[in-house]
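Here are my notes for your first look at this one. Keep the viewer open and find each spot as you read.

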Amino acid sequence: MACSFPSNARHTSCWTAYDSLSSESTVRPFCVPAKWPQQAPHARRRSHEVGDYHQARPCTTDPGPIACLPHTPPVKAGWAVSAGTRMPNGLRIGNLDLDVPFYQAPLSGYSDRAMRRLARRFGCPLTFTGVLLDKVALHRGAMRKLHLQPVPEESPVGAQILGADPQTMAQAAAVLEQVGFCAIDLNFACPAPKVLRRGRGGALLDHPRRILEIYQRVRDAVSVPVLVKLRIGVDSGPASREGFWEICERLASERPDALVIHGRTVGKMYRGRADWALLGEVKQRFTDQIIIGSGDLMTPQDVARRIHTSGLDGVAIARGAIGNPWIFRDCRALLAGQAPAPPPTLEEVGEVMLQHLEWILELYPEHKAVPFFRKFAAHYSKRHPRRKAALPDLMAAKTAEQVRQAIRHWFNGQAEECPA
Ligand SMILES: Cc1cc2nc3c(=O)[nH]c(=O)nc-3n(C[C@H](O)[C@H](O)[C@H](O)COP(=O)(O)O)c2cc1C
């Protein structure tokens with residue numbers, strides 16, 4: 001069996017572009033079959049279970065659509081969202097049948113298993129990993145890492161990959177499907193300079209034919225749904241806009257399971273406002289194509305407004321979900337025309353923070369988990385009326401026990417007895 005791992009490949013991951021915990025220094029290349037089993041492009045199979053991908057074999061019968069309703073049992077009363085009435089406008093992505101038209105977007109350095117489990121617990125029907133470099137997925141060591149494998153508590157979860165070589169991308173997608181990811185999202189949107197310099201992510205928006213080739217190779221290599229993540233161009237010049245339309249046209253003629261479009265150019269990174277009018281125009285031009293929008297969805301009201309007014313099939317919630325899993329519960333209520341639940345009490349926020357910390361500690365050693373959790377603590381503490389006093393305490397905690405103590409102190413009422 002020939003080793004198809006590129007011998008001169010540098011093992012770097014896009015995750016580091018966003019300060020993730022992922023480190024590839026310990027991973028080693030392994031051999032993958034030179035020819036992966038080719039399956040009919042649209043043959044879909046159920047692949048939520050985690051398994052050893054060396055043993056995994058495709059199902060021969062099509063299980064039909066997978067209904068993605070929340071099913072995880074609650075840890076504590078009042079936390080979880082139970083499977084309710086199906087929303088009139090769910091979202092179908094290949095064989096994934098979401099009961100609501102939103103999901104959690106890939107968020108490098110954030111959307112690890114701990115965040116995905118919380119999202120699921122609060123009613124998010126589908127989540128994604130942060131972007132993973134294709135070459136990393138082709139390392140046995142990387143796939144063994146706990147936080148890279150999906151588990152039933154978070155399923156269904158999709159994987160997002162980044163790369164510029166069609167064959168490597170196809171092989172990476174096949175590996176990720178075999179370890180249990182239920183969808184593959186192709187990243188042609190990442191604006192990190194390090195990624196662009198290597199001709200990956202958003203840089204590929206200047207190369208429509210390469211994007212198409214990567215999509216076709218990946219689609220032929222897997223049977224799970226394939227999504228394509230784009231931005232609205234490299235910059236706002238006319239040539240770039242023309243290139244964007246060309247990409248949409250070429251892709252739409254191939255009917256990927258979804259086009260996910262962040263309404264900013266690569267050059268804008270996260271500045272300015274996302275152009276939802278343009279996203280609406282994409283849907284008007286390609287009515288038969290599933291189009292999912294992304295950009296500036298910070299509150300349940302933003303989500304509901306875009307779903308109701310953009311004409312798109314669905315939306316991906318990103319920054320609005322960091323330290324705020326309640327957004328999924330509240331979006332469900334709003335879309336169902338129900339009164340929103342009251343905001344979580346400080347005690348409830350504290351409980352969720354403690355659970356989030358424990359799940360992070362399951363994934364990483366304490367010296368990495370504690371600083372990693374600080375990023376979330378900064379967001380959770382936005383709900384605290386005395387944030388300016390609470391945050392320094394949370395940030396100063398050096399051990400997991402100190403973090404727990406700070407959370408209990410500030411979020412269970414004890415702090416009210418303390419001088420400000
Ligand atoms: C910290 C951070 C990490 C991100 N990581 C990814 C990623 O790995 N893959 C991806 O396609 N988009 C990534 N994005 C982009 C988001 O998925 C989303 O498209 C973008 O933030 C716009 O949505 P928002 O304005 O509602 O946050 C990231 C964004 C942020 C802020």
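**Notes on the fold and the ligand site**

1. Start with the sheet: eight strands form an open sheet in the order β4-β11-β10-β9-β8-β7-β6-β5, and the pairing is parallel. At its edges sit β4 (102-104) and β5 (127-133), each of which pairs on one side only. On average, neighbouring strands of this sheet are turned by 25° against each other, ignoring direction. Do keep in mind that this is a predicted model.

2. Strand β7 (residues 184-188) runs parallel to strand β8 (residues 226-231), and five bridges link the two. If you want a specific bridge to click on, asparagine 187 has lysine 229 in β8 as its bridge partner.

3. Next, the helices on the sheet. Helix α7 (residues 238-254) packs there, touching β8 and β9 (258-262), and its direction makes about 170° with that of β8. Helix α9 (residues 300-309) also packs on the sheet; it touches β4 and β11 (314-317), and the angle between its direction and that of β11 is about 155°.

4. On to the ligand. Which residues are closest to the ligand? They are Ser108, Gln160, Ser294, Asp296 and Arg319, out of 20 residues that surround it. Sorted by type, the shell around the ligand has nine nonpolar, seven polar and four charged residues.

5. A nitrogen atom of the ligand lies 2.7 Å from an N or O atom in the side chain of glutamine 160. How much of the ligand does the protein bury? Taken alone the ligand exposes 600 Å², and the protein buries 94% of that.

6. Finally, two backbone details in loops. What is the peptide bond from serine 155 to proline 156, cis or trans? It is cis, with omega near 0°, and proline 156 lies in the loop between α3 (140-144) and β6 (157-162). The other detail is arginine 255, which has a positive phi of about 55° although it is not a glycine.

How values were computed: Residues are numbered from 1 along each chain as its sequence is written. This is a predicted model: local features need pLDDT of at least 70, side-chain atom pairs count only at pLDDT 80 or more; totals for chains, interfaces and linings use all residues. Side-chain values use heavy atoms; hydrogens and water are left out. Two strands pair if DSSP finds at least two bridges between them. Helices (H or I, at least four residues) and strands (E, at least two) are DSSP runs, numbered from the N terminus. Axes are lines fitted to C-alpha atoms, for helices over the stretch in contact, and angles run from 0 to 180 degrees between N-to-C directions. Contact means heavy atoms within 4.5 Å. A residue is near a molecule or strand if one of its heavy atoms lies within 4 Å of it. A polar contact is a pair of N or O atoms within 3.5 Å; within protein, one must be able to donate a hydrogen and the other to accept it, and residues adjacent in sequence count only if both atoms are side-chain atoms. Accessible areas come from the Shrake-Rupley method with a 1.4 Å probe; for residues, only the protein chains shown count as cover. Ala, Val, Leu, Ile, Met, Phe, Trp, Tyr, Cys and Pro count as nonpolar, Asp, Glu, Lys and Arg as charged, and the others, Gly among them, as polar.
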